[in-house]
Amino acid sequence: MRVMLKATMDTEKSNELLHAGKMPEMMKQMLDRLHPEAAYFGPVGGRRTALLFFDMADSSELPPTGEPFFTLMIAEVEVTPIMNAEELQKGLSELR
């Protein structure tokens, strides 16, 4: 299932990681592990935020997916199932 992971990072902790030069490698490791079809980064609500779109085959993938953001970046993490336009059309056609 395609999901969107939204990780809103703690400003103090992410400042520490940035100043220590650890942020680029941490993000690279997460991207290498998740293989997102799209990844966006920017300020949301005034805090550093990552939006990653990827396939999650099983809900058992939730702990290893979220924990690095929780533990290393003290992030607020949300994982939401999502659809692309083709999947939406397929789902809507089944409502008839």
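**Exercise 1.** Determine how far helix 3 reaches from its first C-alpha to its last, and which of its residues are buried.

*Solution.* Helix 3 has twelve residues and spans 17 Å from its first C-alpha to its last, close to the 16 Å expected at 1.5 Å a residue, where the expected span is 1.5 Å times one less than the number of residues. Helices (H or I, at least four residues) and strands (E, at least two) are DSSP runs, numbered from the N terminus. This is a predicted model, in which local features need pLDDT of at least 70 and side-chain atom pairs count only at pLDDT 80 or more, while totals for chains, interfaces and linings use all residues. Residues are numbered from 1 along each chain as its sequence is written, and side-chain values use heavy atoms, with hydrogens and water left out.

The next step is burial, where buried means under 20% relative accessible area, exposed over 50% and partly exposed in between (1.4 Å probe, protein chains only). In helix 3, Thr65, Gly66, Phe69 and Met73 are buried. Seen down the axis of helix 3, these buried residues fall within an arc of 75 degrees, so they line one face of the helix; the arc is that of the directions from the helix axis to the C-beta atoms. They pack against strand 1 (2-8), helix 1, helix 2, strand 3 and strand 4 (76-81), with contact meaning heavy atoms within 4.5 Å. Ile74, with a positive phi near 45 degrees, follows helix 3.

**Exercise 2.** Find the buried residues of helix 2 and state what covers them.

*Solution.* Helix 2 comprises residues 23-34, and its buried residues are Met23, Met26, Met27, Met30 and Leu34. These residues cover an arc of only 95 degrees around the axis, which puts them on the same side of helix 2. Their cover includes helix 1 (11-19), strand 2 (38-44), strand 3 (47-55) and helix 3 (62-73). After helix 2 comes His35, whose phi is positive, near 50 degrees.

**Exercise 3.** Work out the strand order of the open sheet and how its strands pair.

*Solution.* The open sheet of four strands has the order 2-3-1-4, with antiparallel pairing; two strands pair if DSSP finds at least two bridges between them. Strand 2 and strand 4 are the edge strands, each pairing on one side only.

Taking the pairs in turn:

- Strand 1 and strand 4 pair in the antiparallel sense over six bridges, and Val3 stands opposite Pro81 in strand 4.

**Exercise 4.** Identify the rings of the one aromatic pair and classify their geometry.

*Solution.* The structure holds one aromatic pair, where rings of Phe, Tyr and Trp (its six-membered ring) pair if their centres lie within 6.5 Å, and planes under 30 degrees apart count as stacked, over 60 as edge-to-face and the rest as tilted. The rings of Tyr40 and Phe53 have centres 6.1 Å apart and planes at 75 degrees, so the pair is edge-to-face. The pair links distant parts of the chain, with Tyr40 in strand 2 and Phe53 in strand 3, 13 residues apart. Phe53 counts as buried, at 18% relative accessibility.
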